[in-house]
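Subject: Structure handover and findings

Hello,

Please find the structure below. My notes on it follow, with the cut-offs given where each term comes up.

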Amino acid sequence: MSELIVIGYDTSEKAEEARNDLMKMSREYLVDVADAVVAVADDKGNIKLNQMVNMWTAGATGGAFWGLLVGMVFFNPLLGAAIGAGAGALSGALADYGINDAFMKDVAAVLQPGQAALFMMVRANASDKVIERLGEHGGRVLRTNLDHDAENHLRKAFDEAHKAEVGASVPEYQ
């Protein structure tokens, strides 16, 4: 079963750091990430979604390839590639991958200007090791699709990991 976890941060930089760490853990096979999106509230409170996959680019690339192939059949590969890239970019812009964009904008509406949230969908339960490493970046758990007990366990583990990281980085004076 997939887990959806939303973590709020005071700045977009912190949210991006956490997403980069999540992707690093994915490359280390600690977590199987289906999608990871950073939602940022601008100065006017508008929400911008920084997707993990740029659908415009993916659509344009695929469309250009297929357009090039069709263009070769009709002896005009450049025209075929251009038309294919345009059509692919348009279809990519209309596609929605992973977490529903409308849902993310609704949840991110609680953010104040300058704040950000990391939406992550993982294909299997996130291990305590993953939660601990994400907790080091600070933030607070805003929403999950977990049951009440599992959500409380997640919040507690996340808060403890952040407290341990903050406590370890503060020098002791005598």
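This is a predicted model: local features need pLDDT of at least 70, side-chain atom pairs count only at pLDDT 80 or more; totals for chains, interfaces and linings use all residues.

Residues are numbered from 1 along each chain as its sequence is written, and side-chain values use heavy atoms, with hydrogens and water left out.

Overall make-up

The chain has six helices and five strands. Helices (H or I, at least four residues) and strands (E, at least two) are DSSP runs, numbered from the N terminus. Their order from the N terminus is β-α-β-β-α-α-α-β-α-β-α. Of the 174 residues, 37% count as buried. Buried means under 20% relative accessible area, exposed means over 50%, and partly exposed lies in between (1.4 Å probe, protein chains only). The areas come from the Shrake-Rupley method, and for residues only the protein chains shown count as cover.

Strand β1

Strand β1 covers residues 3-9, and seven of its seven residues are buried. In a regular strand the side chains alternate between the two faces of the sheet. In β1, Glu3, Ile5, Ile7 and Tyr9 point one way, Leu4, Val6 and Gly8 point the other way, and all are buried.

β1 pairs with two strands, β4 and β5; pairing requires that DSSP finds at least two bridges between the strands. With β4 (residues 116-122) the sense is antiparallel, over seven bridges. With β5 (residues 140-144) the strands also run antiparallel, joined by four bridges. Ile5 takes part in both pairings: its bridge partner in β4 is Met120, and in β5 it stands opposite Thr144.

Salt bridges

Side chains of opposite charge can pair when their charged atoms come close. A salt bridge here is a side-chain nitrogen of Lys or Arg within 4 Å of a carboxyl oxygen of Asp or Glu. The count comes to six. Three of them are described here.

Asp10 and Arg140 meet at 4.0 Å, N to O. Asp10 lies in the loop between β1 and α1 (12-27) and Arg140 in strand β5, so this pair ties together parts that are 130 residues apart in sequence. Asp10 is exposed at 56% relative accessibility, whereas Arg140 is partly exposed at 34%.

Arg133 and Glu28 form a salt bridge at 3.0 Å, N to O. Because Arg133 lies in helix α5 and Glu28 in the loop between α1 and β2 (33-41), the pair ties together parts that are 105 residues apart in sequence. Arg133 is buried, with 18% relative accessibility, and Glu28 is partly exposed at 39%.

Asp32 and Arg123 meet at 2.8 Å, N to O. Asp32 is in the loop between α1 and β2 and Arg123 in the loop between β4 and α5, so the parts tied together are 91 residues apart in sequence. Both count as partly exposed, Asp32 at 39% and Arg123 at 40%. Elsewhere, salt bridges that share partners join Asp21, Glu28 and Arg133 into one network.

Negative patch

Asp128, Glu132, Glu136, Asp159, Glu160 and Glu165 gather in a patch of negative charge on the surface. Patch residues have over 30% relative accessible area and no salt bridge, and like charges are joined within 9 Å. Asp and Glu count as negative, Lys and Arg as positive, and His and the chain ends are not counted. The place of a charge is NZ of Lys, CZ of Arg, CG of Asp or CD of Glu.

Helices α5 (128-135) and α6 (148-169) each supply at least two residues of the patch, and α6 gives the most, with three. Asp128 lies in α5 and is partly exposed, at 44% relative accessibility.

Backbone angle

Most residues other than glycine have a negative phi, and most peptide bonds are trans. Tyr29 has a positive phi, near 60°. Tyr29 lies in the loop between α1 and β2 and is exposed, at 76% relative accessibility.

Regards

Technical notes:
Patches are made of residues with over 30% relative accessible area and no salt bridge: like charges are joined within 9 Å, nonpolar side chains (Val, Leu, Ile, Met, Phe, Trp, Tyr) within 5 Å. Accessible areas come from the Shrake-Rupley method with a 1.4 Å probe; for residues, only the protein chains shown count as cover.
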